[in-house]
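Let's take a walk through this one together. Have the sequence and the model open side by side, and follow along as we go.

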Amino acid sequence: MNWSDPFEALEPGASFTTRARTITEADVVAFAALTGDNHPQHVDAEWSATSAFGERVAHGMLIVSCAVGLVPFDGDRVIALRRLDEVVFKRPVKLGDTIRVKGVVKALRPIDEEAGLVQWRWSVVNQEDRLVARALVEVVWRGGVGR
């Protein structure tokens, strides 16, 4: 898919795969500090060693946030992130795991003559191509071929 295309040129079924990004300890520590989410599953190595995952894992919301950052939105086209829906976390992302986003346009709906809503089904996968999270993501996309 071409990220600089106007809304009118987009088609249901168009797909993309992003570049990859490794989730680091620094990412988890910074996210915990920024959000105040200091759950021991994320920040306490000793506690998390006895947890169901056996080690520290990244915050689910960190993974969703990184996924948004991986998608190469064109600032001249994407006006706003409108909605995240049906977010499901399927497996933990461990420190050192590498994620990428696979997406497909699920629906398009014009708002007015200037923009429309684009809804994607995103799958966030790890370095083994295993699903770690999925979501429906909706953005407001600017139209107008001449822009």
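**Starting from a salt bridge**

Start with Glu86, which forms a salt bridge with Arg121; their closest N and O atoms are 3.2 Å apart. This pair links distant parts of the chain, since Glu86 sits in strand β3 and Arg121 in strand β5 (residues 115-125), 35 residues apart. How covered are the two partners? Glu86 has 44% relative accessibility, so it counts as partly exposed. Arg121 is partly exposed too, with a relative accessible area of 24%. Keep in mind that what you're looking at is a predicted model.

Now to another pair involving strand β3. Glu138 forms a salt bridge with Arg82, and here the closest N and O atoms are 2.5 Å apart. Glu138 lies in strand β6 (residues 131-142) and Arg82 in strand β3, so this pair ties together parts that are 56 residues apart in sequence. Is Glu138 buried or exposed? At 10% relative accessibility, Glu138 counts as buried, whereas Arg82, at 42%, counts as partly exposed. Arg83 comes into the picture as well: salt bridges that share partners join Arg82, Arg83 and Glu138 into one network.

Over to Asp27, which forms a salt bridge with Arg21, the closest N and O atoms being 2.8 Å apart. Asp27 has a relative accessibility of 16%, which falls under the 20% cut-off, so Asp27 counts as buried. Arg21, at 27% relative accessibility, counts as partly exposed. Search the whole structure and you'll find eight salt bridges.

So much for charges that do pair up. In general, side chains of opposite charge can pair when their charged atoms come close. Which residue is buried yet has no salt bridge? That's Arg77, whose nearest side chain of opposite charge, Asp74, is 5.4 Å away. A salt bridge needs the nitrogen and the carboxyl oxygen within 4 Å. You'll find Arg77 in the loop between α4 (60-70) and β3. What lies around its side chain instead is backbone oxygen: that of Ser4 lies 3.0 Å from a polar atom of the Arg77 side chain, and that of Gly144 lies 3.2 Å from a polar atom of the Arg77 side chain.

Another loop is worth a stop. His59 lies between α3 (45-49) and α4, and with a relative accessible area of 2%, His59 is buried. Which residues is it in contact with, leaving aside its neighbours within four places in sequence? They are Val28, Phe31, Ala32, Asp37 and His42.

Met61, Leu81, Leu84, Val87 and Phe89 make a nonpolar patch of about 420 Å². Strand β3 (residues 78-89) contributes the largest share, four residues. Val87 is in that strand, and its relative accessibility is 32%, so Val87 counts as partly exposed.

Finally, zoom out. The protein chain has four helices and six strands, and along the sequence they follow the pattern β-β-α-α-α-α-β-β-β-β. Its C-alpha trace spans about 55 × 30 × 25 Å along the principal axes. Of the 147 residues in the chain, 37% are buried. Among contacts between residues at least 6 apart in sequence, 69% join residues at least 24 apart. The accessible surface of the chain comes to about 7800 Å², with 50% of that belonging to carbon and sulfur atoms.

Terms used: Residues numbered from 1 in each chain as written. Predicted model: local features only at pLDDT ≥ 70, side-chain atom pairs only at ≥ 80, totals over all residues. Heavy atoms only, no water. Patch = residues over 30% accessible without salt bridge, like charges linked within 9 Å, V, L, I, M, F, W, Y side chains within 5 Å. Areas by Shrake-Rupley, 256 points an atom, 1.4 Å probe, with all protein chains shown as cover. Helix = DSSP H or I, 4+ residues; strand = E, 2+ residues; numbered from the N terminus. Buried < 20%, exposed > 50% of the residue type's maximum accessible area, 1.4 Å probe, protein only. Lys, Arg positive; Asp, Glu negative; His and termini not counted. Polar contact = N/O pair within 3.5 Å; in protein donor to acceptor, adjacent residues only side chain to side chain. Contact = heavy atoms within 4.5 Å.
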